[in-house]
Amino acid sequence: MPDTVVTVQNPESKPGKPGVENGNINNIFSWVEINYNYFKTLPGVLKLAQLILGIICLALASPARLPGTNWFLFVVIISFIATAIWSFVYLLSIREAINFPINWVLTEFCNTLLITVLYTVAFIVQLSAWSRPYQSYYKNPNIAAGVSVLR
């Protein structure tokens with residue numbers, strides 16, 4: 001006589017929720033793994049340097065007194081946000097946890113290439129806007145912000 005196997009499922013646990021097993025909600029973020037060692041590598045140090053230089057550029061170029069500075073601050077903020085997102089992707093090991101068919105290296109390369117082109121245009125616009133014979137208290141910090149992008 002064949003044996004019959006019966007599987008009983010807990011009715012309180014929802015099968016569609018990730019990380020919730022047997023009604024235990026503590027496993028929701030079990031896929032998150034903090035990876036501090038990434039910031040000891042050269043790419044990690046460069047990301048931290050980008051974040052610090054982004055803060056310096058924001059501090060020096062704010063407030064936007066000329067139209068060229070608006071574009072410069074836009075590029076600095078966009079690149080700061082993108083760098084912060086990539087830093088969290090590596091810090092939380094999201095790259096290893098997500099099983100999407102994404103070429104992460106190519107995606108980060110395209111992001112870096114786009115940010116580099118935008119920064120190049122932005123520092124040229126920033127320096128040309130503030131190089132006119134315009135006397136202001138804000139001239140020197142804005143020129144320093146444009147030059148600090150050349151890092």
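Predicted model: local features only at pLDDT ≥ 70, side-chain atom pairs only at ≥ 80, totals over all residues.
# Reading a helical model

Colleague: How many helices and strands does the chain have?

Modeller: Helices (H or I, at least four residues) and strands (E, at least two) are DSSP runs, numbered from the N terminus. Here there are five helices and zero strands, so the order reads α-α-α-α-α from the N terminus on. Of the chain's 151 residues, 29% count as buried.

Colleague: Which side chain meets Lys47 in a salt bridge?

Modeller: A salt bridge puts a side-chain nitrogen of Lys or Arg within 4 Å of a carboxyl oxygen of Asp or Glu. The structure holds one, and it joins the side chains of Lys47 and Glu108 at 2.5 Å, N to O. Lys47 sits in helix H1 (residues 42–61) and Glu108 in helix H4, so the pair links distant parts of the chain, 61 residues apart. Glu108 is buried too, with a relative accessible area of 15%.

Colleague: Which residues make the nonpolar surface patch?

Modeller: Patches take residues with over 30% relative accessible area and no salt bridge; nonpolar side chains (Val, Leu, Ile, Met, Phe, Trp, Tyr) are joined within 5 Å and like charges within 9 Å. Areas come from the Shrake-Rupley method. In this model Trp71, Phe74, Ile78, Leu106, Phe109, Leu113, Val117 and Val121 make a nonpolar patch of about 730 Å². Helix H2 (67–91) and helix H4 (104–130) are the elements giving two or more residues to this patch. H4 gives the most, with five. Leu113 lies in H4, and is partly exposed, at 47% relative accessible area.

Colleague: How do the axes of H2 and H4 cross?

Modeller: Two packed helices are described by the angle and the distance between their axes. Axes are lines fitted to C-alpha atoms over the stretch in contact, with angles from 0 to 180 degrees between N-to-C directions. The axes of H2 and H4 come within 8 Å and cross at roughly 155 degrees. H2 and H4 are therefore roughly antiparallel (over 145 degrees; under 35 is roughly parallel, 65 to 115 roughly perpendicular, the rest oblique).

Methods
Residues numbered from 1 in each chain as written. Heavy atoms only, no water. Areas by Shrake-Rupley, 256 points an atom, 1.4 Å probe, with all protein chains shown as cover. Buried < 20%, exposed > 50% of the residue type's maximum accessible area, 1.4 Å probe, protein only.
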